[in-house]
Amino acid sequence: MDRPPHAGLRHLALNARALDRMKRFYVDVLGFEVEWEPDPDNVYLSSGADNLALHRAPPGSEPAAGADRLDHLGLIVRQPEDVDRWAAFLEARGVTLDARPKTHRDGARSCYFRDPDGNRVQIIHHPPISGKV
């Protein structure tokens, strides 16, 4: 089976201890725009070419600097069916999926797995940016 293509690392999700402060920093300082705020615990930002998800960190979580702040990293694919192709490719290589391909509330389609160090990786078709890569 041939390896399916992807368009690079265009999506990152962070656990944010101070979600409002993080949102203001990425919008006001770094120039991101709010793409979607589905609820008070999540905000999705975009520079127009990528997607940054900020998820409110669980109450009382005070990890050491840099530790446990990465929720997952995402590899953008061009078509929704590419997510399914990647899932099949990964499973054929012995990679266990954390989450099978599914379509999300915002129309994105993705699956999840872990790299050898345990970092969560998402293969994602994200309609606002997948067509731009």
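This section describes the strands, helices, salt bridges and a surface patch of a predicted model.

Residues are numbered from 1 along each chain as its sequence is written, and side-chain values use heavy atoms, with hydrogens and water left out.

The model contains an open sheet of 8 strands in the order β2-β3-β4-β1-β5-β8-β7-β6, and the pairing is mixed. Its edge strands, each pairing on one side only, are β2 (33-39) and β6 (97-103). From one strand to the next, the twist averages 20°. Strands are DSSP runs of E with at least two residues, helices are runs of H or I with at least four, and both are numbered from the N terminus; two strands are taken to pair if DSSP finds at least two bridges between them.

Strands β2 and β3 run antiparallel and are joined by 4 bridges. A hairpin connects β2 to β3 through 2 residues, and Trp36 stands opposite Tyr44 in β3. Strand β5 (residues 70-76) runs parallel to strand β8 (residues 120-125), and 4 bridges join these two strands. Here, Ile76 has Ile124 in β8 as its bridge partner.

Helix α1 (residues 19-29) includes Phe25. The helix α1 lies across β1 (9-16), β2, β3 (42-46) and β4 (51-56), and runs at about 160° to β4. Contact means heavy atoms within 4.5 Å; axes are lines fitted to C-alpha atoms, for helices over the stretch in contact, and angles run from 0 to 180 degrees between N-to-C directions.

The structure holds 8 salt bridges, each defined as a side-chain nitrogen of Lys or Arg within 4 Å of a carboxyl oxygen of Asp or Glu. In one of them, Lys23 pairs with Glu37, and the closest N and O atoms are 3.0 Å apart. Lys23 lies in helix α1 and Glu37 in strand β2, so this pair ties together parts that are 14 residues apart in sequence. Lys23 is partly exposed at a relative accessible area of 24%, and Glu37 is partly exposed at 43%. The classes are buried (under 20% relative accessible area), exposed (over 50%) and partly exposed (in between), with a 1.4 Å probe and protein chains only.

A further salt bridge is formed by the side chains of Asp41 and Arg56 (2.7 Å, N to O). Asp41 is partly exposed at 38% relative accessibility, and Arg56 is partly exposed at 36%.

Asp82 and Arg85 also meet in a salt bridge (3.1 Å, N to O). Because Asp82 and Arg85 are 3 residues apart in helix α2 (residues 80-92), about one helical turn separates them. Asp82 is buried, at 8% relative accessible area, whereas Arg85 is partly exposed, at 41%.

Phe25, Val29 and Leu30 make a nonpolar surface patch of about 280 Å². Phe25 is partly exposed, with a relative accessible area of 37%. Patches are made of residues with over 30% relative accessible area and no salt bridge; like charges are joined within 9 Å, and nonpolar side chains (Val, Leu, Ile, Met, Phe, Trp, Tyr) within 5 Å. Accessible areas come from the Shrake-Rupley method with a 1.4 Å probe, and for residues only the protein chains shown count as cover.

Notes
Predicted model: local features only at pLDDT ≥ 70, side-chain atom pairs only at ≥ 80, totals over all residues.
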